[in-house]
Amino acid sequence: MSILWNSSLLKELVDAQSTKEWQASGVEIDSRKIKKGDLFCALNGANHNGHDYINSAAKKGAIACLISENLKNNNKIAFAKVDNVLDALDKMAKDVRKRSHAKFIAVTGSVGKTGTKDMMHLALSKVATTYSNESSYNNYLGVPLSLARVPPNLNYCVLEIGMNKKGEIRELVKLVKPEVAVLTAIEKSHLEGLKSLKNIADAKSEVLESLDKKGCLIINNDTNFSQYIKRKAKKLGIQNIITYGKGRENNIRLLNFSLSNEKYLVQALCYGKKISWLMPSLGEHWIHNSLSILGLAVYFKIDFTEILGPLSSFEVPQGRGNIINLRYKDRCFLLIDDSYNSNPASLIASLKSFSKLKVIGKKLLVLGDMLELGDESKEIHKNLGIKIKKFQFNILYTVGKNMLEMSKVLKNIKYKYHDDNLDRISENILKSLKSGDAILLKGSNSINLKEIINKIINKCEKL
């Protein structure tokens, strides 16, 4: 296992005063996730003080703790004291970026960031050493932490970049300094703070500001404000722009896809060359996002077969459409976990995919409120109800006041239940289940539909 950080390097970089010499093979800010040999960064947050978890980190095998408070060391691990732990982590991130010779790829967008990042990691790791940030570590803590973890002798680094307000991506991309920026979509999310799609487009396009001018923007040309963002890129002097989508004008154009033996055969036209590859039977939006990988192949001059081959074994990130086969008593059914987050675009994509799923039983929906949509939230939910009337579902459970409004619009669903008590929903689902049924659960993360999923899974047998 390679050494990422040591006491002398941190002394030189951030004047960290260590109680003894140490070498760390990893970096962590969550004491629950500590692995043996990690440097634990004791951050002071709004709700938690990392210094309170030093004993826990030590027990789990941390080799050293980066601290900012005067503490008595009752542990065998080293303390490395700095004025401010977050500032130190930021400087560590900048130092790694400065030293690294890897090709850095920044992935952003309103939807599809994590899945696209994971697909890119899978694809690139088959042709060269590749690293990407864990889960959705895409904010002011996650990006510096991810950079501080970047291993030496790396070829590609794929980092997801997120935001809640204007200016966030600008600061994060200054750390990453990508050679390639991938923009998946501009959709209605974070409206509470940003108010309009145009403002969202402006915030997401901040990724261009620290993009290498000789680098490349890979953009979903089918999304809102794509022309506007491309004009921005040209104005900034970015020399390479690769577009993907369904239209004939795209550099990479999706031609068709068909399901055979539980795999999709996807066909696309890439700069005039017909390319095909296999993908698992996921929703259409996953296929659409995979087109961006052809953009990487073109820009980095990678063989299409090598980079696309691994996609046949792609697994959806946790909570983003995972299909789980379960048995409850003598009844077998499908549960689709799409509980990680929700916004209008991702909800429509998820429902569209669910509507095409062939099952012998009923289709049940559990939908939680989509959050951060601002003053328009109620109307957006109601309007979505009008849009999804064409989909045929049998039973609808709703959680949250805005989903209740959407439920009222959906006259074509005969059985509708609204309840903010997640225990009752899980109990009612298990009571009503028949063999061959399928359930889709989708809502914003803080609605906590994951709790319903866990309660159902805990009472069932996985098949």
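Strands E5 (residues 38-41) and E6 (residues 64-67) pair in the parallel sense over three bridges. Pairing requires at least two DSSP bridges between two strands. Strands (E, at least two residues) and helices (H or I, at least four) are DSSP runs, numbered from the N terminus. The model is predicted: local features need pLDDT of at least 70, side-chain atom pairs count only at pLDDT 80 or more, and totals for chains, interfaces and linings use all residues. Residues are numbered from 1 along each chain as its sequence is written, and side-chain values use heavy atoms, without hydrogens and water.

Phe40 stands opposite Cys65 in E6. The open sheet has five strands in the order E2-E7-E6-E5-E4, with mixed pairing. Its edge strands are E2 (17-18) and E4 (26-28), each pairing on one side only.

Eight aromatic pairs are present. Rings of Phe, Tyr and Trp (its six-membered ring) pair if their centres lie within 6.5 Å; planes under 30 degrees apart count as stacked, over 60 as edge-to-face and the rest as tilted. Phe225 and Tyr228 form an edge-to-face pair, at 5.8 Å centre to centre and 75° between the planes. Tyr299 and Phe300 are also edge-to-face, at 5.0 Å and 70°. Ring pairs link Tyr156, Tyr299 and Phe300 into a cluster.

Two arginines sit over rings. This term requires CZ of Arg, or NZ of Lys, within 6 Å of the ring centre and within 35 degrees of the ring normal. The charged end of Arg99 lies over the ring of Trp5, 5.5 Å from its centre. For Arg320 over Tyr340, the distance is 3.7 Å.
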